Amino acid sequence: MLDTPSNRPKLPAEIARRRTFAIISHPDAGKTTLTEKFLLYGGAIQMAGQVRAKGEARRTRSDFMQMEKDRGISVSASAMSFDFKNFRFNLVDTPGHSDFSEDTYRTLTAVDAAVMVIDGAKGVESQTQKLFEVCRLRDLPILTFCNKMDRESRDTFDIIDEIQENLAIDVTPASWPIGLGRDFMGCYDMLNDRLELMDRADRNKIGESIEIKGLTDPKLDELIPADLLSKLREEVEMARELLPPFDQQALLDGTLTPIWFGSAINSFGVKELMDGIGTYGPEPQIQSAEPRKISPEETKVSGFVFKVQANMDPKHRDRVAFIRLASGHFLRGMKLTHVRSKKPMSITNPVLFLASDRELAEEAWAGDIIGIPNHGQLRIGDTLTEGEAIRVTGIPSFAPELLQSVRSTDPMKGKHLEKALMQFAEEGAAKVFKPAIGSGFIVGVVGALQFEVLASRIELEYGIPVRFEASQFTSARWVSGDRQAVDKFVNVNKQHISYDHDGDTVYLTRLQWDIDRVVRDYPEITLTATKEMM
Ligand code: G4P
């Protein structure tokens with residue numbers, strides 16, 4: 001197996017130039033603004049402000065998102081592709097709210113790196129910390145952008161210390177701010193020995209870049225007020241002594257994050273960050289799979305579904321499966337094998353998410369994200385290949401933390417409700433359990449807000465009014481083991497048993513004590529809180 005970088009053949013240029021990443025941040029830190037500037041410099045949009053406008057338009061298209069608008073959170077994730085210099089960036093949007101951690105987790109299985117945005121005044125906030133922990137599970141390389149430097153912000157060393165301490169990762173400054181708050185005038189680019197000066201008068205103007213020869217360069221005296229310059233010199237000297245130097249391998253290993261300081265709204269520091277992602281960020285990585293890993297440079301195409309979005313266009317009731325290509329060069333019209341069902345699929349209308357709009361993809365390379373409209377055949381965790389029976393691994397399904405029973409308030413619509421629920425289950429928006437005894441369904445989610453989103457979507461997309469009610473259960477565990485042992489267990493515990501949308505057996509309970517008892521009394525079966533999606 002090709003595994004270590006040293007014995008891997010060189011990636012084809014098209015793959016090597018790809019950078020597929022997500023942005024993680026706490027709400028309000030500036031993710032939308034930064035995305036907008038990325039797209040602006042990527043030539044994907046003409047004018048800043050369009051992402052927000054487009055976002056709204058997209059939300060009205062899938063109009064259950066009225067709630068999202070009201071709450072100002074982003075529930076739906078999407079992917080955007082754009083070019084910057086020689087690079088092709090694929091930016092996968094992560095839903096920002098903590099209620100959607102499972103969706104976020106799966107999104108992060110489709111990227112090779114993450115950009116962590118923090119607010120210079122607030123530092124590491126709760127949601128950043130959570131998302132960071134998810135990235136750490138996969139040792140994802142992280143590049144940090146400290147935003148809003150045009151406003152009052154914390155002392156630079158304090159911010160760096162906080163990241164190092166709270167997130168237990170080494171931090172190296174890629175740039176160093178000159179002046180803080182009202183005095184902030186730009187950064188010293190520590191990696192390229194350049195001065196970047198911000199233009200406060202014009203938000204869309206990219207800062208001026210001035211080549212210098214170290215911090216003793218006499219040019220600096222003309223450009224920076226004496227007090228700020230002496231502080232800069234002092235701080236950079238201290239930073240070089242106290243903080244780890246830049247080390248690309250440590251970045252790629254996920255043990256060191258370079259930090260850029262800037263102000264997204266003022267278009268400042270964004271290009272340097274983009275340069276950093278391109279120059280130092282990872283190319284498409286080897287994908288874990290069974291029975292063998294997949295290398296991006298393999299000529300045969302393979303990919304996996306990390307997200308399914310239903311009803312993106314209510315007129316067509318389509319579902320789009322978001323595929324991360326793991327290897328090869330994909331061409332439109334290709335026939336791929338859907339490994340789970342072993343059936344061939346002709347991919348005739350794949351979509352590339354060019355930031356301007358959904359666009360037909362004529363070709364795509366390992367690392368790219370394509371959308372495949374389908375009628376429900378493609379599920380999260382599915383693998384597509386050119387015939388080989390490989391299954392991508394590492395896309396888990398988590399046991400829900402909240403369970404409620406659901407019923408239609410219109411008794412005539414019970415049957416339709418089942419269909420709607422199954423669709424949401426396949427989309428990964430919720431877990432749906434059909435109890436072994438009795439009728440009705442139990443729905444499980446990770447965050448309480450999801451019940452509201454579901455109720456609203458079921459009503460809007462299927463015209464079924466529903467009510468969620470407290471369930472007698474609070475925990476769910478998947479049951480596995482020897483067939484006979486599972487059958488015996490099921491027979492004795494029928495009132496606790498239900499089946500998920502794949503037909504897999506699930507044990508529902510309200511007591512940890514019950515789970516402990518099962519573990520003790522039934523050593524031949526296993527209860528798990530996650531299930532590998534397949
Ligand atoms: P999010 O997606 O992470 O939630 O953040 P978003 O980009 O929406 O930014 C949150 C707020 O912070 C916005 O203000 C935005 O304009 C502001 N902002 C983003 N970058 C900077 C920056 O570099 N400096 C300063 N001073 N502010 C910044 P808002 O008032 O909530 O929205 P809006 O009316 O400006 O759109």
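**Notebook: aromatic cluster and ligand shell**

I looked up ring pairs and found that they link Phe21, Phe38, Phe82, Phe84, Phe87 and Phe89 into a cluster; rings of Phe, Tyr and Trp (its six-membered ring) pair if their centres lie within 6.5 Å, and planes under 30 degrees apart count as stacked, over 60 as edge-to-face and the rest as tilted. The model is predicted: local features need pLDDT of at least 70, side-chain atom pairs count only at pLDDT 80 or more, and totals for chains, interfaces and linings use all residues. Residues are numbered from 1 along each chain as its sequence is written, and side-chain values use heavy atoms, with hydrogens and water left out.

I searched the whole structure and noted 15 aromatic pairs. Phe21 and Phe89 pair edge-to-face, 5.5 Å centre to centre with 90 degrees between the planes. I then noted that Phe21 belongs to strand S1 (residues 18-25) and Phe89 to strand S3 (residues 87-92), 68 residues apart; strands are DSSP runs (E, at least two residues), numbered from the N terminus. Phe21 and Phe89 are both buried, meaning under 20% relative accessible area (1.4 Å probe, protein chains only).

I turned to the ligand and counted 16 residues around it, the closest being Asp28, Lys31, Thr32, Thr33 and Ser263; the criterion is a heavy atom within 4 Å. I checked polar contacts (N or O atoms within 3.5 Å). A backbone N or O atom of Lys31 lies 2.7 Å from a ligand oxygen atom, and a side-chain N or O atom of Thr32 lies 2.3 Å from a ligand oxygen atom.

Methods
A polar contact is a pair of N or O atoms within 3.5 Å; within protein, one must be able to donate a hydrogen and the other to accept it, and residues adjacent in sequence count only if both atoms are side-chain atoms. Helices (H or I, at least four residues) and strands (E, at least two) are DSSP runs, numbered from the N terminus. Buried means under 20% relative accessible area, exposed over 50%, partly exposed in between (1.4 Å probe, protein chains only).
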